[in-house]
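Subject: Structure for you to look at

Hello,

Here is the structure I promised to pass on. My notes follow below it.

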Amino acid sequence: MAKVAEELKNGQKETAGQNNVSLVALLQEVQERYNYLPEDVLRELAREKNLSLMEMYSVATFYKSFSLQPRGKHKVATCSGTACHVRGSEKVTEELSRVLGIKPGETSQDGAYSLETVNCLGACALAPLVVVDGEYHGNMTAARAAALIKEHLKKSRGLSAAELEQDVEKKAWEGCSCAILLAGNDKK
Amino acid sequence: MVNFKLNGLEVAVEKGTTLLEAARFYGIEIPTLCYDAGLSPYGACRLCLVEVGEPGKSRLVTSCTYPAREGLQVRTHSQWVVNTRKLIIELYLATCPSSKTIQDLASRYHVTGVRFRQKHEDCILCGLCIRYCSEQMQAKAIGFINRGEKRRISTPFERKAEECRFCGGCMYICPACQARCQGPEEKEAVCNACLNLSPPCLDRFNDAMCYLDPCVACEQGRKE
Amino acid sequence: MDALKTGLRSLPELFDLQLELKKKREQRENYLAVCGDTGCTAWGSEQVKDLFARCLEEKGLSQSTGLKFTGCLGLCECGPVVIVFPQGIFYQKVKTEDIEEIVEQTLLQGKVVERLLYQDPLSGAKIVHAEEIPFYRKQQRVLLANNWKIDPSSIEDYLALGGYGALGRVLGQMSSEQVIGEIKASRLRGRGGAGFPAGLKWEECSGMPAKQKYIICNADEGDPGAFMDRSLLEGNPHSVLEGLIIGGFAVGASEGIIYIRAEYPTAVQKVRLAIAQAEELGLLGENILGSRFSFKVSVSVGAGAFVCGETSALVESVHGRVGEPRQKPPHLAERGYNNCPTVINNVETLANIPYIINMGAEAYSRIGSGKSGGTKIFSLVGKVHHTGLVEVPLGMPLRKIIFEIGGGIKGGKAFKAVQTGGPSGGCLPASMLDLPTDFDELNAAGSMMGSGGMIVMDEETCMVDLARYFLKFLNDESCGCCFTCREGLSRMLEMVEAITKGQSSMAEFALLKELAAVVRDSTMCGLGQTGANPVLSTIRYFTEEYRAHIEERRCPAGVCRDLISFHINSELCNGCGACRRKCPAGAITGEAKMPHFIRAELCTKCGICLESCPIQAVIKL
């Protein structure tokens, strides 16, 4: 593991080489490299730079842009800014969550998609806004967002439209039945 | 020396003294939950609020962090302060009723009912244990994680911390778990008749916020 | 032009370069401005720009006609926006297939392409020139004026328009006291939210005896619904940088930091480029323009936390620590970054500085209302016709902004409320529309200026739901240090949620008001102190709506899910099955070509059936 942290330290970036570098900047670099913050890398980094591991963990959990779990290859984000909210972004998020079979903040099991809500992307004139892999899609409705993601799913998974429908229904059903089971457990 | 007015009284304290220290020196009681004389002040519990400034232009500040300044007007028990403090205690009761410290505060400040939905938390996030761990023990084995309503206290990566020296200081200083109130039943939050102070009993409170493993106080590693 | 390579070593060199670039610019006044802001890029303006470049090349126009990929041109609703200069012909919703026609007709033959023109929604008239569009005509664009003329990645463009002239004047002719005096006389108030007089802030910091001081530009624009800072940084980054350097000179700082939120990657990139360009030209670094003043600027990127907009939390975040506000005193002017005196200004505040120096404090302070000088940029969004960035003199009544510039409410609905100031602000009802947009007036009305978000809502927005939305936002974004903020906001959210579910009582409503006041009074930083505003202001102006939820279990706006239901009008339904196929819950049944029904027990009230019905047979009750 030592190698990874070493590599990062010797990285081309200006920040990691400095001694007095801010922890946030350091973590940003780790995240950029690994797409998330792997525990062993952080532990190694803390040892090498003589940083408190607790502080590192506090910072990593405080800021929203850091993730301690691997994130999906494709990032789907819905904006939940005020302008988007009054134009119905909540329904858009729900529909996307249903189609992808994951809740906001989660990554699909195959690691292909992760769904996030972002507080404001500053493109309020396009509200409600959905961002797929950095591409902005404005004036969304629940139905249009679903169509958009289904199109993306089709391309990335190589499914036909009918297969996709089945897949989505299956996922949605699984989600549902899980919820029912959980609810049952709660009652017990 | 700094001269200022404390509840109408002309007082003088040394430069750098906080309002809380000054008030306690002059025998005025101000409740606190997150303050300890041996640790740096944090201002998280908001119970030590006092009113500073001219009437009409005044505001509430935490006395544990606010340094005394020349000519300042401070009121520790104005109607505004008392009402605010009472609601905060009520909120504490609604959140963490099993703390004897909080139950005692309620009795002391005449909080006799809770209008909020009752919760049963083990921790009020006062941060005393964290400051104890880092300032007194230089260990930094525990700390705050997450933010907002998800904030809680944990160890790095939520595993047993290598830095922990099992000093037990975090338990010793905790206002919520050490002095467990045995009084009220689950349903009612206020007993207002608290006299007991038995040692922490982890067999009654399995979910106590304890970072020691094995636990120093009960000497058995009940916590998985 | 040698200076571009060797850097500027003195004031005369700067003025010579400006003059030279200006002349060069005047020789080539034909150019196309394609909006490259996030809004227009989402509509596909990048492809439009690329195709223009290709098309100009093919027609042999690339020498005579410039092409600028500019910052926000304002009218985001109509993107991608293209303006043809020097005539100023405004084309909206330009698609890639329109490009040949524009080049062919407008550039070569000087004709106007009618179908791409903007049409006034009120009169129906087509408008050719940008300045004549009511949206622009009624504004007073000072800070945004140059967005049309500048390619943000080119320092030459900025210099050609007299850029860095204010810095030159300050370094050559003024003392730091004079600069502060000028800013004080201009009555500029901080544009970040609280509206503290900028001159006083500088004066306080400049009076601190310390060797090392810092000035930080706060570009952590976290207010959901506001994007003026992003547009300034992306559209005209050098104006902010120039303001920052002048600020550094005035307070005696040798280092500046621009703190940008992580959600704005383009802004980070543009600012980094601008800093590199300024360094190359010698406008940053040791002994700037031959003076004794040395100054350097770095960029610090946030990591996603709204609370870092609070100044002391921002400093913590720049240090790389958890962004938790610190108890004050000591104030930042005494002990800030690296424990040195620090001054923090908002992006828009700094962007104003060069203009004040150039036009003079007196002329500047004459813009706007009696109490504070200058213009303010608002991001006018929500259910209004023309969404986008609007710059108006301070003190312009809300009505004028919403109805004359914004073109009124979309879809012929009625105006209900306007939300200003983001999560710290409040909602103002129709009866307050004549309120001037001024710091003190808005505060007195229970809202605030904030950084300038202005979200317009129509009758279909539920104010209780909106209060719930903001509480949820703050609950998530609070740092969680103060008990009253963390637990108080979470309890308030719980209580408001109960109201939206029709499970509350008037006694609980009274407790909510009491708690909101305590949270406001007893929290340490601005987030908690103003966090109750959305609740307090909606209670103040829309008590009736709260009552309807609590006593009648009814949501008048038809938003709160537990209080509404969907039905299909069986007299209208033709059984096309569109809703049945779209319904995610499978709650709609019915035979083909026969009226369909919604099964209430399965319905999740998502409203997709309402959206998808081609004949509006679905009704919401």
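How much area is buried between chain A and chain C, and what share of it do carbon and sulfur atoms give? The buried area is about 3600 Å², and carbon and sulfur atoms give 58% of it. Buried area here is the accessible area (1.4 Å probe) that two parts lose on being put together, summed over both.

Please keep in mind that this is a predicted model, in which local features need pLDDT of at least 70 and side-chain atom pairs count only at pLDDT 80 or more, while totals for chains, interfaces and linings use all residues. Residues are numbered from 1 along each chain as its sequence is written, chains are lettered from A and ligands numbered from 1 in the order in which they are written, and side-chain values use heavy atoms, with hydrogens and water left out.

Chain A on its own

Chain A has 9 helices and 4 strands (DSSP runs numbered from the N terminus: H or I of at least four residues for helices, E of at least two for strands). Of its 188 residues, 49% count as buried, meaning under 20% relative accessible area (1.4 Å probe, protein chains only).

Chain A with chain C

In this contact (heavy atoms within 4.5 Å), chain A supplies 37 residues and chain C 54 residues. The rule finds 3 salt bridges across the interface, a salt bridge being a side-chain nitrogen of Lys or Arg within 4 Å of a carboxyl oxygen of Asp or Glu. Arg468(C) and Glu90(A) form a salt bridge, with their closest N and O atoms 3.1 Å apart. Several elements of chain A give two or more residues to the side that touches chain C, among them α3 (23-34), α7 (89-100) and α8 (142-157). The most comes from α7(A), with 5 residues.

Chain A with chain B

Here 14 residues of chain A are in contact with 16 residues of chain B. The two chains bury about 1300 Å² between them, 57% of it on carbon and sulfur atoms. Again the rule finds 3 salt bridges across the interface. Glu55(A) and Lys140(B) meet through their side chains in a salt bridge, at 2.9 Å from N to O. On the side of chain A that touches chain B, α4 (39-49) and α5 are the elements that give two or more residues, and α5(A) gives the most, with 7 residues.

Regards

Key:
Buried < 20%, exposed > 50% of the residue type's maximum accessible area, 1.4 Å probe, protein only.
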